[in-house]
Amino acid sequence: MLSFKQVYLAYVAILAILVGSATFYVRSLLRDYEAAQPEQRAWEVAEALASDATAGRFWDRFPLPAVSLGPYEQGMDLQTGYPALFTGEDLRAIPKSGQHGEDELTYLITSGDFPLAEVHLQAVGPAVTRLGLFTTREWAATDIQLLLEPRDYYMDLPPSHYFTVRLNGQDLTADASGRYSVSGLYLKPVFAIADPSGAPANYAIKDGQILPELYSYDLTLPAALLVDTDKGFYQGNAVENDQIRHVIASIEKPSVTISDTYGNTIPYEGGALPLTRITITAEEGYTVSVQGQPAVPNRTFFPDEYAHFAEFVPGLPQTQVYDIVILRENGEAVVTDPAGTAATLLAGEHTLTAQPAPLDAVPAELGVDVLDIAQKWSLFMSNDLAFSKVSPYLIRDSYQYQVAYRYAHGIDITFTSRHTLAAPPFTDAAATNFQWLAEGQCFSVDIHFVKHMRLASGMAVDDTMNDRFYFVLYDDTDNGIDDPAWKIGGMKEIVENGKV
């Protein structure tokens, strides 16, 4: 009779045999499963083609096409160069995407990213499932097609003048947009992309596009910001709205810094910048500072309505525009008016004026009857007053003088309808909103009246004047005496809410 120990040992031995058998079966099943995969058939085809290429019998299996190589493949031998692509270490067999029948598959044989051939597989026999998990099916290669055809390639690089690009050892030139393109290549192209330091760029090819591995920044920034890089080469071009487009590209990662004119500097590695933009339009006499540093106006000009008489007013203040860009969030500008009062302005547009509140009427001490002068101008325009009567109230050789002179001596005045003036000729007269533009030298005043006329046909006509007149104290005489007088420097129609 066997002892317990003997029975136990026998049980363990039998169990070990069963486990070993099961393990061997599963391992064999996995080997068979891997060997039955369709990519193995495709890879066997790739290896066979590589063997044919090495043995020199590649073209025995395929007809050698009669093609002519282009200028970028001159000196290359298609007969030996194409089969050699099958012998490289980067030979691969990969599934081709797209629609296939249930019993069909297509694989691409490639040299890296370059397609060499298509292998069509057909299922042979039914699918077999073992252990309820592993389903296999036999596959056979039914057709092999070479993909020897002309191909086009293109590459977009940042528009600059410092990258060099070569194809098969020959220089390539980009168009104005920075695109390099070439067509009609049969063999696998070899591109060389480098920056001025000679550093080469790796690249990939996808659907004919060359994709170099570059560090590239394309920034459009306000012109007030300064951009610098340790590489020492990049391109900045002016674009609209006082902006600069900075194109920075390098094979190696560049160190890019951006700074404003107020001491703020940040390293840039992409993304949005912390910017505060403040636009201040102010008359001369205001001062602007940012972070304790004075700001400089970007533009200084006379307003359009001053343009025709500004040269006759030495003290006429100009308008200054400050386009302030601060390289930080929630930046501030401090504005001080001519009286010394300071105010803090935040992001946005601000218009400031140093002019005091207007007066209701022209100060009597000026000794000028602006209504009378304006009415004389009105009578002159309706051909009721000669040019010689209105010219003393105009600055000789000024824009307004020239306008009146050409009108008086031109054909337009002859088209004035015959009429008579009513009695009184003017009603509703008012001169308001007096404003010094340059103390003691120039002022503006709003003048309103209605001129009443009756045409020869008997029809009554009312002509309304509603203009802002600009008066300048000026001496345009040649009598050797300093005797200036108030004269019309210019005028403009007053428009309120879209109505005159």
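A residue is termed buried at under 20% relative accessible area, exposed at over 50% and partly exposed in between, with a 1.4 Å probe and protein chains only. By this criterion aspartate 52, at 7% relative accessibility, is buried. The model is predicted: local features need pLDDT of at least 70 and side-chain atom pairs count only at pLDDT 80 or more, whereas totals for chains, interfaces and linings use all residues. Residues are numbered from 1 along each chain as its sequence is written, and side-chain values use heavy atoms, with hydrogens and water left out.

The mean pLDDT (the predictor's confidence in each residue, from 0 to 100) is 87 for the protein, and 88% of the residues reach 70 or more. Over residues 22-26 the pLDDT falls below 50, and this stretch has three contacts (heavy atoms within 4.5 Å) beyond near neighbours in sequence. Where pLDDT is low, the predicted coordinates should not be read in detail.

Salt bridges, defined by a side-chain nitrogen of Lys or Arg within 4 Å of a carboxyl oxygen of Asp or Glu, number 17 in the structure. Aspartate 52 is bridged to arginine 57, with the closest N and O atoms 2.7 Å apart; arginine 57 is partly exposed at 37% relative accessibility. A network of salt bridges links Asp52, Arg57 and Arg61. Another salt bridge joins glutamate 149 and arginine 151 at 3.9 Å, N to O. Here glutamate 149 is partly exposed, with a relative accessible area of 38%, while arginine 151 is buried, at 12%.

Nonpolar cores were taken as sets of buried Ala, Val, Leu, Ile, Met, Phe, Trp, Tyr and Cys residues joined through side-chain atoms within 4.5 Å. The largest contains 45 residues, of which Phe58, Tyr82, Phe86 and Ile193 touch the most other members. Apart from this core lies another of 29 residues, including Leu394, Met465, Phe471 and Ile488. Not counting residues up to four places away in sequence, phenylalanine 86 touches, among others, Leu49, Phe58, Ile109 and Leu146.

Helices (H or I, at least four residues) and strands (E, at least two) are DSSP runs, numbered from the N terminus; two strands pair if DSSP finds at least two bridges between them. An open, antiparallel sheet of four strands has the order S20-S19-S23-S24. Its edge strands, S20 (293-294) and S24 (342-345), each pair on one side only. Four bridges connect S24 with strand S23 (residues 333-336) in the antiparallel sense, and valine 335 has alanine 343 in S24 as its bridge partner.

Tyrosine 262 lies in the loop between strand S16 (256-259) and strand S17 (265-268) and is buried, at 9% relative accessibility. Its contacts, leaving aside neighbours within four places in sequence, include Val290, Gln293, Ile324 and Val325. The C-alpha atoms of tyrosine 262 and valine 325 are separated by 9.1 Å, although the two residues are 63 apart along the chain.

Helix H5 (residues 370-381) comprises 12 residues and reaches 17 Å from its first C-alpha to its last, close to the expected 16 Å (1.5 Å times one less than its number of residues). Among its buried residues are Val370, Ile373, Trp377 and Phe380. The buried residues of H5 pack against elements including helix H7 (399-408) and strand S28 (460-474). Aspartate 372 is partly exposed at 28% relative accessibility, as is lysine 376 at 21%. Asparagine 383, which follows H5, has a positive phi near 65°.
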